Amino acid sequence: AGPQDWLAGIKEEYRGIRDRLLAAIACSPWLSVVKPAAGPFLFPNLAHAEAETGADGFAQLLALGIPTVPGRYFHGPGHVRLPFGADTDTVARLAKRLENFVPNRGVSSAAD
């Protein structure tokens, strides 16, 4: 009920963002992710990084300025929920941070 023209192109826009972030995650030996069929979220696996550092993956990404939601809230320990709807510049910064992700032993587990 109301204007729907703002929805034109949204599906393609989100698909492009999703694919860009999937490619960025593929560049990191510390991260993995299953391509979602739909939705504005990725659910990256950080178990390898957590095992290497002993730090929560949520804390690892937050230390890099990547806010996520811990996967334990979705019955997915070792994962984080990463929303990806944002403007082009923000997506580019996020992709670069994911591409360059290296776990940091100095990050303490974050209480959320």
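Reader: How many bridges join strand 2 to strand 3?

Author: Welcome, and please keep in mind that this is a predicted model. Strand 2 and strand 3 run antiparallel. One place to look is Val69, whose bridge partner in strand 3 is Arg81. The number of bridges that join strand 2 to strand 3 is two.

Reader: How do the elements of the chain run from the N terminus on?

Author: The chain holds four helices and three strands. Read from the N terminus, they give the pattern α-β-α-α-β-β-α.

Reader: What span should helix 4 have, and how far apart are its end C-alpha atoms?

Author: Helix 4 covers residues 88-99, which makes twelve residues.

Reader: Which elements do the buried residues of helix 4 pack against?

Author: Let's begin with the residues themselves: Val91, Leu94, Ala95 and Leu98 are the buried ones in helix 4. Seen down the helix axis, they fall within an arc of 100 degrees, so they line one face of the helix. Their packing partners are helix 1 (10-26) and strand 3 (80-83).

Reader: At the start of helix 4, which residue's backbone nitrogen does a side-chain oxygen of Asp87 reach?

Author: Look at the start of helix 4, where you can find the side chain of Asp87. One of its oxygens comes to within 3.1 Å of a backbone nitrogen, and that nitrogen belongs to Asp89.

Reader: Is Gln60 buried or exposed?

Author: Gln60 sits in helix 3 (residues 57-63), and its side chain makes a polar contact of 3.3 Å with that of Thr53. Its relative accessible area is 2%. Since the cut-off for buried is under 20%, Gln60 counts as buried.

Reader: What share of the residues of the chain count as buried?

Author: For the overall picture, the C-alpha trace spans about 50 × 25 × 20 Å along its principal axes. The accessible surface comes to about 6,600 Å², with 57% of that belonging to carbon and sulfur atoms. Of the 112 residues of the chain, the share that count as buried is 34%.

Note on methods: Residues are numbered from 1 along each chain as its sequence is written. This is a predicted model: local features need pLDDT of at least 70, side-chain atom pairs count only at pLDDT 80 or more; totals for chains, interfaces and linings use all residues. Side-chain values use heavy atoms; hydrogens and water are left out. The expected span of a helix is 1.5 Å times one less than its number of residues. Buried means under 20% relative accessible area, exposed over 50%, partly exposed in between (1.4 Å probe, protein chains only). The arc is that of the directions from the helix axis to the C-beta atoms. Contact means heavy atoms within 4.5 Å. A polar contact is a pair of N or O atoms within 3.5 Å; within protein, one must be able to donate a hydrogen and the other to accept it, and residues adjacent in sequence count only if both atoms are side-chain atoms. Two strands pair if DSSP finds at least two bridges between them. Accessible areas come from the Shrake-Rupley method with a 1.4 Å probe; for residues, only the protein chains shown count as cover.
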